[in-house]
Amino acid sequence: MASKPRWQLLSQDEKQLLEGYHDESSDDGRSEATSVRALLRESKPLAKFWMLALGLTLLSSIVMNVILFVQRQRTDLDHLCTRQMTLNWSPILDKPMTYTDIRFNGSLFKSDIYRQPPSPEVDQKWLDLGLNLRPQVIPESQGEKAGLTPNQAKRLDSQGGGYFVEVEAIHHLHCLNVLRQNIWFNADYYRERKIGVWSNTEPVVRLHVGHCINIIRQQLMCTADTGLFGQMWTLTESEHGLSNTNQGRQMSRHIKRETL
Ligand SMILES: *[C@@H]1O[C@H](CO)[C@@H](O)[C@H](O)[C@H]1NC(C)=O
């Protein structure tokens, strides 16, 4: 059924009103001019181009701002995280810093350079992590906010003054290296050559190792990683056939980390 124009169903007054409105607006086409589409249709090509250009500029500006905002938030969070985990001020906190995701390698069987049998090459790789960095100096005026006390070692005033400092993270790596040099299957190498931590007497080595165990324990507990890691089933042969063993499960933890 062809629908009648809507105004025919209206009262006479309304009909006249609408007719009047229709006549007036259709004459100069102003009713259509209110829609953007009509505006575009009626515009000259050059005007269309500028409208499009303006629209695209606005859109890309909004997109860029959102991206910058998200990046900024991310950077600030990374900064905040480090600041939160460090009790005192450090000059490193004043540098830009970002975290990246790292996949841990917990391979049980494959050995990287840091865990290979002792050799000058292995020792050098550990030193290259920053362990042979010499102490740095910070101005005396920054000592207090860095958590240093006035009785700590200072450079001679004639040489410029300031506190001698090292970075904790490097200290922790140094301690891990000390443990590595003392693990029973590596200790002979260092003891015989009197190198590394073994350039000292055995009582001093014992104190040094004890200190390092405790430093690493505290560091691991204070920066506890709340991430979870799963287990994997491993099958081993026994007299009862195939079964799971504690040994297998223990091993799988390491393997799982590698294959994550
Ligand atoms: C883990 O490290 C070992 C030794 O460097 C390497 O052979 C292995 O491919 C690494 N595994 C993964 C998953 O990256």
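**Contacts and confidence**

Among contacts in the protein chain between residues at least 6 apart in sequence, what percentage join residues at least 24 apart? The share is 46%, where two residues are in contact if their C-beta atoms, placed from the backbone, lie within 7 Å. This is a predicted model, in which local features need pLDDT of at least 70 and side-chain atom pairs count only at pLDDT 80 or more, while totals for chains, interfaces and linings use all residues. Residues are numbered from 1 along each chain as its sequence is written.

The average pLDDT of the protein chain is 81, and 75% of the residues score at least 70; pLDDT is the predictor's confidence in each residue, from 0 to 100. Over residues 1-7 the pLDDT is below 50, and this stretch has three contacts in the model beyond near neighbours in sequence. Residues 243-260 also have pLDDT under 50, and the model gives them 31 contacts beyond four places in sequence.

**Overall layout**

The protein chain contains nine helices and four strands, these being DSSP runs numbered from the N terminus (helices: H or I, at least four residues; strands: E, at least two). Read from the N terminus, the elements follow the order α-α-α-α-α-β-β-α-α-α-β-β-α.

Of the 260 residues of the protein chain, 5% count as buried. A residue is buried if 20 or more other C-beta atoms lie within 10 Å of its own, exposed if 12 or fewer, and partly exposed in between, with C-beta atoms placed from the backbone.

**The largest nonpolar core**

Seven residues make up the largest nonpolar core, namely Cys175, Val178, Tyr190, Val197, Trp198, Val205 and Cys212; such a core is a set of buried Ala, Val, Leu, Ile, Met, Phe, Trp, Tyr and Cys residues joined through C-beta atoms within 7 Å. At least two residues of this core come from each of α6 (168-182) and α8 (202-222). Leaving aside residues up to four places away in sequence, Val197 touches Val178, Gln181, Asn182, Tyr190, Val205 and His208.

**Helix α6**

The end C-alpha atoms of α6 are 21 Å apart, which agrees with the 21 Å that its 15 residues should span at 1.5 Å a residue, the expected span being 1.5 Å times one less than the number of residues. The buried residues in α6 are His174, Cys175, Val178, Gln181 and Asn182. They cover an arc of only 120 degrees around the axis, which puts them on the same side of α6; the arc is that of the directions from the helix axis to the C-beta atoms. An α-helix has 3.6 residues a turn, so residues three or four places apart point the same way. The cover over the buried residues of α6 includes α5 (120-131), α7 (184-193) and α8.

Ala169 also has its place in α6, but is partly exposed, with 13 other C-beta atoms within 10 Å. Its C-alpha atom is separated by 9.8 Å from that of Leu131, a residue 38 places away along the chain.

Lys194 lies in the loop between α7 and α8 and has a positive phi of about 55 degrees although it is not a glycine. Lys194 counts as exposed, with 10 C-beta neighbours inside 10 Å.

With 21 residues, α8 reaches 30 Å from its first C-alpha to its last, close to the 30 Å expected at 1.5 Å a residue. This helix is hardly covered, since two of its 21 residues are buried. Cys222, which lies in α8, counts as exposed with 9 C-beta neighbours inside 10 Å. The C-alpha atoms of Cys222 and Met85 are separated by 8.4 Å, although these residues are 137 apart along the chain.
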